[in-house]
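Have a look at the fold first.

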Amino acid sequence: MHEDVFDVVIVGGGPAGLSIGSELSARCRVLVLEKGIAGTTDRFWFVPPEVLDEVTRPFSYGGVTRFLTRTYSMNGDDLAWKAKLYDSYPYIKDRELLTHWVGVIRNNGSNVLDNCLYLDHETDDSGVTVTSSLGTFRGRLLIDASGYNSSIIKKYAIDQSEFYWWSVYGAVGEHPDGIGDMQVGDYMMWQTFKDADPGSLADGKPVFEYEILDEKSSYSLILYLCKEKIDLETMKAEYTRIISSEETTKEFHNLKVSSFRYGWYPSGALSQQIAEDRVAFAGDSGCWTTPCGWGMTFILNNYRHFAKGILTCLANGTLDKQGILRASLYRTHDKYEIMMNVIATHFLANATTVELDRFIKLFRIIDPILCEKVFTLKLSKAELMGMLPVILEEFSITELCRIIPAVGVKNLLLEGGYCIEDILLDSIKALFNSDSATEEDDGFDFDDPKRVLNV
Ligand SMILES: Cc1cc2nc3c(=O)[nH]c(=O)nc-3n(C[C@H](O)[C@H](O)[C@H](O)COP(=O)(O)OP(=O)(O)OC[C@H]3O[C@@H](n4cnc5c(N)ncnc54)[C@H](O)[C@@H]3O)c2cc1C
């Protein structure tokens, strides 16, 4: 048995583990276990400036390199869809920020152990014993920040059936012959489910996107949103097909790949954050990160709040499931934004191709940027509320309740200030007044009480 007893043992040295660990280490003893080297993830993250400002303020932008992407406006009705995106989105050098946090934790007298694989844990009345490849450690609380494939979560009967997964496969590469018409800062998303394509995202149809990094290199990837994670080989094969043979990707046909980027991350449909006695879940493992835009963004938005909640639990000794849940819930605002984006997720994943096209058209006509935000799950509450009357004009309540869980539709209507009874009555009337209903129920008199009873 290792002699040291820590307040908190964190499994995972990714964005969630290190950000929360850096906050906690200012007030208590923390141990971070990382199976690789902490903070060396090579994922690409785009994080909104306001979030980044909040995070970087304490060290005066010292460790963070940022640049703004140049943007494009809509390109008519072309198949290739260039959207104005990430208008003022900075690109954050992930490693520098994460490495900074590793330093903070160590400078605060806490520990980060590299090459240390979590194996198992047991909880008891006074704490938790964690077994790892480098020995056994004791803490008062365990935080699982080990990502989408958490083995800790598998120990518990946590229902993941409502989760959606983004399966992502992409590459950074050089274009030996230059980049054709494209220019630095170009960003585009290309939808295969558009037009006559019979598939939809629900079937795992890909969305392809790219960003031009400089005159000779690009970052491109495909994303699938679906119920099941798509296996790596399938993603790779589809990426290769798109990148090497599609007309719309002709600039990429001679791409010289320098590194691949791939992975899965959850777009959770959990309405609550999850916890167990003496175990808290953070980041992708808790699946409470990604419904609100990209995961890293949400982690950065919430890590201080989460850490504050954990400190309260430690101070009060409320380390049971309920105590942890109470203290570490999202800020109300963020929770609401999550709800909005879970609705968007449901739409992307559950709507048929035709419905999705109607949805997209609706947003495009009003504002293409809004459409882009739907896809990147960045629609704000105010924006969705602004669109609500148009959505209700286009979609019947019956349709909406099939695509989005009924409770989501209800919340949406309530928040929009609608009277649910009136809306239901209207949609029932519309049902009976529709052509098909008239044909089938010729002579139906909605106001005839006898007829209603017969029904
Ligand atoms: C290709 C791709 C592109 C993305 N782009 C964006 C983007 O643009 N913007 C954005 O905000 N988000 C983006 N995301 C999502 C974002 O990367 C994740 O939501 C985020 O990394 C989750 O952080 P995390 O700390 O919870 O988990 P992870 O980043 O997965 O970190 C978990 C850590 O735990 C370690 N670990 C796992 N198991 C064990 C174990 N048994 N023992 C010890 N250590 C263990 C892992 O080695 C890893 O270091 C992208 C994801 C992918 C895959």
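This is a predicted model: local features need pLDDT of at least 70, side-chain atom pairs count only at pLDDT 80 or more; totals for chains, interfaces and linings use all residues.

Among contacts in the protein between residues at least 6 apart in sequence, 70% link residues at least 24 apart. Contact here means that the C-beta atoms of two residues, placed from the backbone, lie within 7 Å. The protein has 15 helices and 13 strands; these are DSSP runs numbered from the N terminus, helices being H or I with at least four residues and strands E with at least two. Of the 455 residues, 40% are buried. Buried means 20 or more other C-beta atoms within 10 Å of the residue's own, exposed means 12 or fewer, and partly exposed is in between, with C-beta atoms placed from the backbone.

Residues are numbered from 1 along each chain as its sequence is written. The pLDDT, which is the predictor's confidence in each residue from 0 to 100, has a mean of 74 for the protein, and 66% of the residues reach 70 or more. Over residues 59–89 it is below 50, and that stretch has 65 contacts in the model beyond near neighbours in sequence. Residues 191–202 are also below 50, with 28 contacts in the model beyond near neighbours in sequence.

On to helix packing. Two packed helices are described by the angle between their axes and the distance between the axes. The axes are lines fitted to C-alpha atoms, for helices over the stretch in contact, and angles run from 0 to 180 degrees between N-to-C directions.

Helix α1 (residues 15–24) packs on α5 at an angle of about 40 degrees, with the axes 9 Å apart. The two are therefore oblique to each other: under 35 degrees counts as roughly parallel, over 145 as roughly antiparallel, 65 to 115 as roughly perpendicular, and the rest as oblique. From α1 the contact takes P15, A16, S19, I20, E23 and L24, and from α5 it takes M296, I299, L300, Y303, R304, F306, A307, I310 and L311. Sorted by class, that contact has 12 nonpolar, 1 polar and 2 charged residues. Nonpolar covers Ala, Val, Leu, Ile, Met, Phe, Trp, Tyr, Cys and Pro, charged covers Asp, Glu, Lys and Arg, and the others, Gly among them, are polar.

Helix α5 (residues 295–316) also meets helix α6 (residues 321–328), where the axes come within 8 Å and cross at roughly 140 degrees. That makes α5 oblique to α6, and the crossing is right-handed. On the α5 side the residues are F306, G309, I310, T312 and C313, and they meet G323, I324, A327 and S328 of α6. This contact of α5 with α6 splits into 5 nonpolar, 4 polar and no charged residues.

| Pair | Sequence separation | C-alpha to C-alpha distance |
|---|---|---|
| E122 and R278 | 156 residues | 9.8 Å |
| T99 and G39 | 60 residues | 5.4 Å |
| S167 and G263 | 96 residues | 6.2 Å |

What are the surroundings of these residues like? E122, in strand β4, counts as exposed with 11 C-beta neighbours inside 10 Å. T99 belongs to helix α3 (residues 94–107) and is partly exposed, with 17 other C-beta atoms within 10 Å. S167 lies in strand β7 (residues 164–174) and is buried, with 23 other C-beta atoms within 10 Å. Leaving out residues up to four places away in sequence, S167 touches Y224, K229, I230, M235 and W264.

Last, the backbone. Most residues other than glycine have a negative phi. Where does N115 sit? Its place is the loop between β3 (111–113) and β4 (118–123). N115 has a positive phi near 50 degrees, and N115 is exposed, with 12 other C-beta atoms within 10 Å. R278, also not a glycine, has a positive phi of about 60 degrees. R278 is in the loop between β12 (275–276) and β13 (279–281). Is R278 buried or exposed? R278 is buried, with 23 other C-beta atoms within 10 Å.

Methods. A crossing is left-handed if the near helix is turned anticlockwise from the far one by less than a right angle, and right-handed if clockwise.
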